[in-house]
Amino acid sequence: MRRFIDLADFSREQILDLLELAQALQHHPEPRALAGKVLGLAFFNPSLRTLASFQAGMARLGGSSFVITPGQGTWLLETQPNAIMKGAAAEHIREGIPVLASYCDALGVRAFADGKSLESDLNESLFRMIDGLCEKPLINMESAMNHPCQALADWRTLDEMKIPTRAKFVLSWAYHPKALPLAVPAATVHMAAMRGMEVVVLRPEGYALPEQVMEKARLAAREAGGSVTETSDRAAALNGASVVYAKEWGSTAYYGDVEADSRLRADLSDWCVRERWFERARPDAKLMHCLPVRRNVAVADGILDGPRAVVKQEAFNRLPVQMAVLHRMLA
Ligand code: CP
């Protein structure tokens, strides 16, 4: 494997193989599998889980890693093509990425959406540029429109919870004081569709996912025998749901317009997931969230601290699934 950028680049069989390997590595550790290998990790945006789990996973497989956080102890890296570099950035990724890649056997990069142009972010303009600059195996640690590591961990979590493949999976918009990127909702709707689930995207008006994201998920659903629909009717969406996956994201109607998005979300603070949301869901319905989550803003304490929440399991699963990716890439 030379690239882990999008689950859509893999067949269902290849995803199931990675999940099987994750399971095997958990029960039968291979502490020398990646001896002598080096993983480079470049974080253009903050992280807790992704940073720690990749470093831990590489160490558990016998390899080592280095972390670069551009602008924090290292040169700030310019990402705009054809930039006239009179600002804070001392170096361009056109030099920075190939140089970093030359020091390691695989490179992981986190580079969030620019958040200004929906078209540019949907086209993954920045990550495509990074892809073209990196001659070593490359891992997407969250790009403008994707978070495949989180999606793979979430698939494993659904399997662990024995959530049937055809169960109802509700990806629900949740409140946040400001617009957040579309990477996780886009990756999640595709993952659940690829797993074959009955996927419902629940969101207020103005927060529909881009058509390109929905069409990609519908295609995956057709191939897997599932379905993907969307609604703003919470009661209908949650009726019979086995999973509510809460996620905050920005308005696609006002993408890049911070003030318009703020006005739109001003009246939406009741989109904080609470127990009453689950009245018509299955009694054992689960609550998922990729974390970090703002308590009592996006999800209430009572849910996060109760039996429905599997958010920590999702985070724990980042480690074994990423170890499987590293193993397939470098062993
Ligand atoms: N879910 C996730 O990617 O967490 P971090 O942003 O902390 O890495």
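Biologist: Which side chain has an N or O atom 3.0 Å from a nitrogen atom of the ligand?

Modeller: The model is predicted. A polar contact is a pair of N or O atoms within 3.5 Å. Here the side chain of Gln150 places an N or O atom 3.0 Å from a ligand nitrogen atom. Cys290 also lies 3.0 Å from a nitrogen atom of the ligand, through a backbone N or O atom. For Arg318, a polar side-chain atom is 3.1 Å from an oxygen atom of the ligand. Of the 250 Å² of accessible area that the ligand has on its own, the protein covers 94%.

Biologist: Which residues are around the ligand?

Modeller: They are Ser47, Leu48, Arg49, Thr50, Arg110, His147, Gln150, Cys290, Leu291 and Arg318. By class, this shell holds three nonpolar, four polar and three charged residues.

Biologist: How is the chain divided into domains?

Modeller: The assignment gives domain 1 as 3–146 + 318–330 and domain 2 as 162–309. Taken over C-alpha atoms, the centres of domain 1 and domain 2 are 26 Å apart. Domain 1 contributes 22 residues to the contact, and domain 2 contributes 23 residues.

Biologist: What area is buried between domain 1 and domain 2?

Modeller: Interface size is often expressed as the accessible area lost when the parts come together. Between domain 1 and domain 2, about 1,500 Å² is buried, and carbon and sulfur atoms give 62% of that area.

Biologist: Which residue forms a salt bridge with Lys216?

Modeller: The partner is Asp6, with the closest N and O atoms 2.7 Å apart. The count between domain 1 and domain 2 is one salt bridge. Four residue pairs are in polar contact between domain 1 and domain 2, counting pairs with both residues at pLDDT 80 or more.

Note on methods
Residues are numbered from 1 along each chain as its sequence is written. This is a predicted model: local features need pLDDT of at least 70, side-chain atom pairs count only at pLDDT 80 or more; totals for chains, interfaces and linings use all residues. Side-chain values use heavy atoms; hydrogens and water are left out. A residue is near a molecule or strand if one of its heavy atoms lies within 4 Å of it. A polar contact is a pair of N or O atoms within 3.5 Å; within protein, one must be able to donate a hydrogen and the other to accept it, and residues adjacent in sequence count only if both atoms are side-chain atoms. Accessible areas come from the Shrake-Rupley method with a 1.4 Å probe; for residues, only the protein chains shown count as cover. Ala, Val, Leu, Ile, Met, Phe, Trp, Tyr, Cys and Pro count as nonpolar, Asp, Glu, Lys and Arg as charged, and the others, Gly among them, as polar. Domain bounds come from an automatic or database domain assignment. Contact means heavy atoms within 4.5 Å. Buried area is the accessible area (1.4 Å probe) that two parts lose on being put together, summed over both. A salt bridge is a side-chain nitrogen of Lys or Arg within 4 Å of a carboxyl oxygen of Asp or Glu.
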